[in-house]
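Thanks for coming, everyone. I'll take you through a structure that is new to this group. Have a look at it first, and then we'll start.

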Amino acid sequence: MDKNFKPRTLDEIKAIEPKGFERAFKNPLPIDDGSLKQNIERLLPKVKNLDRNSSMAFRKQHAIGQKWTVATISEKAQKQLGAKTKDVWLSDDTLIKMIIHHPEQADLPLFLSVQDILDNAITVIQEDDYRASFFKRGDGIYQATLKATQDRQEIYLLTVFKMSEKEFEKTKKRKANKIIK
């Protein structure tokens, strides 16, 4: 906040303290540090009456650049995405979007299962040069979709959710020419 207690924008904070800003927002937190759970618990009551139309405004207001390491990918997946890292991050913006659009799926155990989904994928769909979706069977079918940034320096989790067998078969049929596993 400024001297009149008016909230500053992230750009203003970055201009005032660029090194502190970089340090605070560049390094991801481990998923088990408790902050992800705290953020989910903090956001759930705030988003219960929001819809997709108000999602962007809420995200602009509440996403502060926080991110968590949720998984690492294999060398093979790293090569497929052309990524320069194996770390997969979840941004607070994506977390907020998932909570607003799919509150029933915004729970910590689902985010904690991303590594298992990637490691035990039964099907992998290469969406394009930057994006791949991984599907795993267990007590249902789970999809985790990753995307590398354009410079390939970072990989982010775009979504993770449980789907029905019927949805899985439709997805496989629709993207049959993109299945690589």
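Let's begin with Tyr156, which sits in strand β7, residues 155-163. Keep in mind that this is a predicted model. Is Tyr156 buried or exposed? Its relative accessible area is 17%. The cut-off for buried is under 20%. So Tyr156 counts as buried.

What does Tyr156 touch, leaving aside its neighbours within four places in sequence? The contacts are Lys67, Val88, Trp89, Ser91, Thr145, Leu146, Lys147 and Thr149. Now compare sequence and space. Tyr156 and Ala71 are 85 residues apart in sequence. From C-alpha to C-alpha, they are 9.7 Å apart.

Next, the core. Nonpolar side chains tend to be buried together in soluble globular proteins. Here, the largest nonpolar core has 38 residues. Which of them touch the most other members? They are Val88, Leu95, Phe111, Leu118, Phe134, Leu157 and Val160. Helix α6 gives the most to this core, with five residues. There is also a second, separate core of five residues. Phe135, Ile141, Met163 and Phe168 are among them.

Let me pick out Leu118. Again, I leave aside neighbours within four places in sequence. Leu118 is in contact with Ala71, Thr72, Ile73, Val88, Phe134, Ala144 and Leu146.

Back to helix α6, where we find Thr94. Thr94 has a relative accessible area of 10%, so this residue is buried. Beyond its neighbours within four places in sequence, Thr94 is in contact with Leu157 and Leu158.

Now helix α4, residues 52-62. Its buried residues are Ser55, Phe58, Arg59 and His62. Why do they lie on the same side of α4? Because they cover an arc of only 105° around the axis. And what do the buried residues of α4 pack against? They pack against α3, residues 35-47, and α6, residues 92-101. Turn to the face pointing away from that buried side. There you see the exposed residues Asn53, Ala57, Lys60 and Gln61.

Last stop, the surface. Leu10, Ile13 and Ile64 make a nonpolar patch of about 220 Å². Leu10 belongs to helix α1, residues 10-16. How does Leu10 count, at 34% relative accessibility? Buried is under 20% and exposed is over 50%. Leu10 falls in between, so it counts as partly exposed.

That's the tour. Over to you for questions.

Conventions
Residues numbered from 1 in each chain as written. Predicted model: local features only at pLDDT ≥ 70, side-chain atom pairs only at ≥ 80, totals over all residues. Heavy atoms only, no water. Patch = residues over 30% accessible without salt bridge, like charges linked within 9 Å, V, L, I, M, F, W, Y side chains within 5 Å. Areas by Shrake-Rupley, 256 points an atom, 1.4 Å probe, with all protein chains shown as cover. Salt bridge = Lys/Arg side-chain N within 4 Å of Asp/Glu carboxyl O. Helix = DSSP H or I, 4+ residues; strand = E, 2+ residues; numbered from the N terminus. Buried < 20%, exposed > 50% of the residue type's maximum accessible area, 1.4 Å probe, protein only. Arc of directions from axis to C-beta. Contact = heavy atoms within 4.5 Å. Core = buried A, V, L, I, M, F, W, Y, C linked by side-chain atoms within 4.5 Å.
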